[in-house]
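Notebook open, viewer loaded. I wanted to look up the metal site and the charged pairs in this one.

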Amino acid sequence: MDVIDLDEKLGHFSDHWSPRIIAALNGQEVKLAKFIGAFDWHSHPDEDEMFLVLHGSFTMEFRKSFGAPDEYGYRSVELHEGQMLVVPKGVEHRPVAEEECAVMLFEPAGLVNTGDAETSDRTTTGTWI
Ligand code: NI
């Protein structure tokens, strides 16, 4: 039962869109990830997914259902440090970060980050650090 220091863990990696697992409990995993740019559009048919911003900010875009349409017609919400969001299962989403953003994810163990989208070079279930 070790204390987990989030900033110390964030110092272990510098790549983007590649979640690192830092804890597991009750069939769920706690992951850290760094975002920059736009991720792949995807949804998770059977899993809800939590995002908590640790440093920076990002926008979660949705193809439908949530938020007000932006200038491109997407619906989106902005998340800033200390704010979190749960994306319900089945909702198509993609995170977009203009500048680097550090995020905590909480989701079922084994969740594939690109969900139901075609596998890309960013597809992963996360690796332990
Ligand atoms: Ni997702």
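My entries on the metal site and the salt bridges follow.

**Ground rules.** I am working on a predicted model, where local features need pLDDT of at least 70, side-chain atom pairs count only at pLDDT 80 or more, and totals for chains, interfaces and linings use all residues. Residues are numbered from 1 along each chain as its sequence is written, and side-chain values use heavy atoms, with hydrogens and water left out.

**Metal site.** Which residues coordinate the nickel ion? I found His42, His44 and His93, each through NE2, plus Glu49 through OE, at 2.1 Å. Donors here are N, O and S atoms within 2.8 Å of the metal (3.2 Å for Na, K and Ca); water is not among the atoms, so sites may look incomplete. Along the sequence I read the donor spacing as H-x1-H-x4-E-x43-H.

I then looked up the geometry. The angles at the nickel ion run from 85 to 174 degrees over the four donor atoms, so the arrangement is irregular. For the record, four donors are tetrahedral if all angles lie between 85 and 135 degrees; four are square planar and six octahedral if opposite donors are over 155 degrees apart and all others between 65 and 115; anything else is irregular.

Buried or exposed, I asked of His42 and His44? Both are buried, meaning under 20% relative accessible area, with exposed being over 50% and partly exposed in between (1.4 Å probe, protein chains only).

**Salt bridges.** I took a salt bridge as a side-chain nitrogen of Lys or Arg within 4 Å of a carboxyl oxygen of Asp or Glu. By that rule I get seven.

Asp15 pairs with Arg20, and their closest N and O atoms are 3.0 Å apart. I noted Asp15 as partly exposed at 34%, while Arg20 is buried at 13%.

Next I checked Asp48 and Lys89, whose closest N and O atoms are 3.5 Å apart. This pair links distant parts of the chain, 41 residues apart: Asp48 is in the loop between strands S2 (28–38) and S3 (49–55), and Lys89 in the loop between S7 (84–87) and S8 (93–108). Strands (E, at least two residues) and helices (H or I, at least four) are DSSP runs, numbered from the N terminus. Asp48 is partly exposed at 34%, and Lys89 is partly exposed at 43%.

For Glu61 and Arg94 I have 2.7 Å between the closest N and O atoms. They too link distant parts of the chain, Glu61 in strand S4 (residues 57–62) and Arg94 in strand S8, 33 residues apart. Glu61 is buried at 8%, and Arg94 is buried at 18%.

Last entry: Glu29, Lys31 and Glu107 are joined in a salt-bridge network.
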